[in-house]
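This report describes helix packing, strand pairing and aromatic contacts in one structure. The sequence and the model are shown below.

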Amino acid sequence: MDQGETGRRPDRELDATIEGCAAAHQRLLADVDTLTDEDIARPSALPDWTIGHVLTHLARNADSHIRVYEAAARGVPTERYPGGQQGRNAEIETGAARPAAEQIADVRGTIWRLESAWAAVPADGWELTATVYGAPEPVVELPFRRWREVEVHHADLGRAEFTIDDWSDGYVRRDLGRAEMTWAARRPMGLTALPPAALALSPARRLAWLMGRLDVDGLEAPGPWM
């Protein structure tokens, strides 16, 4: 989920994306605030991950964004995960079994620091290109990628309080367009239209199917996510 698109966004779109991500943060916090130690150990919707794994991932993902923004505020591009994929995975495993109160505080604290870091990036800092696992990553794309992480992984908690049907319209509209273009780009010329069964789905469910997070009768899996 850390791969994505490049290109400078207009400031107005950046503002709207940050606003959408901040709203997603608040929805997440309102939901996880009720989690218990027993909940933390329950399976999430992701294979081999508990709810604790998902929460720890969201907190460490926020840390990775903060790392880039703090460097961008100094005018320096940096790597989001200095320890690479192996280091990232180790941090998630280490933190996944912590008590609920500690995990909730971690998610909340990293969200607060992340939102403060947005405001500290000067205009030229948003023009920098950082890296994620060594691949180029425009700083200006990070707020949308964080928004995606929060919406998608909130649903991955596997709780009735928030499912893919609760993804925000603003997020779905933005990411569905990207996902459909990715679908078309991977298809042979002349076969780029989505199947009718996919088009019949709600926008959120169509996006979830394109992400490989929803099985639909009569539709083959769309292939690897971006």
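How many residues lie between strand 1 and strand 2 in the hairpin that they form? Two residues separate these strands, and Tyr133 in the turn has a positive phi of about 55°.

The model is predicted, with local features needing pLDDT of at least 70 and side-chain atom pairs counting only at pLDDT 80 or more, while totals for chains, interfaces and linings use all residues. Residues are numbered from 1 along each chain as its sequence is written, and side-chain values use heavy atoms, with hydrogens and water left out.

**Strand pairing**

Strand 1 (residues 129-132) pairs with strand 2 (residues 135-138) in the antiparallel sense over four bridges; pairing requires that DSSP find at least two bridges between the strands. Within this pairing, Ala130 stands opposite Glu137 in strand 2. Helices (H or I, at least four residues) and strands (E, at least two) are DSSP runs, numbered from the N terminus.

**Helix packing**

Two helix pairs are set out here by their axes, which are lines fitted to C-alpha atoms, for helices over the stretch in contact, with angles running from 0 to 180 degrees between N-to-C directions.

| Helix pair | Axes come within | Crossing angle |
|---|---|---|
| Helix 1 (residues 11-32) and helix 6 | 9 Å | roughly 25° |
| Helix 6 (residues 142-156) and helix 7 (residues 169-185) | 11 Å | roughly 110° |

Helix 1 passes helix 6 in a left-handed crossing, a term for a near helix turned anticlockwise from the far one by less than a right angle. Residues of helix 1, including Leu14, Ile18 and Leu28, meet residues of helix 6, among them Phe144, Trp147 and Val150; contact means heavy atoms within 4.5 Å. By class, this contact has 10 nonpolar, four polar and four charged residues.

Phe144, Trp147, Arg148, Glu151 and Val152 of helix 6 make the contact with Gly170, Tyr171, Arg174, Asp175 and Arg178 of helix 7.

**Aromatic pairs**

The structure contains seven aromatic pairs, with ring centres within 6.5 Å. One of them, Tyr81 with Tyr133, is stacked, at 5.3 Å centre to centre and 15° between the planes (stacked being under 30 degrees). Tyr81 lies in the loop between helix 3 (51-73) and helix 4 (84-95) and Tyr133 in the loop between strand 1 and strand 2, so the pair ties together parts 52 residues apart in sequence.

Conventions
Ala, Val, Leu, Ile, Met, Phe, Trp, Tyr, Cys and Pro count as nonpolar, Asp, Glu, Lys and Arg as charged, and the others, Gly among them, as polar. Rings of Phe, Tyr and Trp (its six-membered ring) pair if their centres lie within 6.5 Å; planes under 30 degrees apart count as stacked, over 60 as edge-to-face and the rest as tilted.
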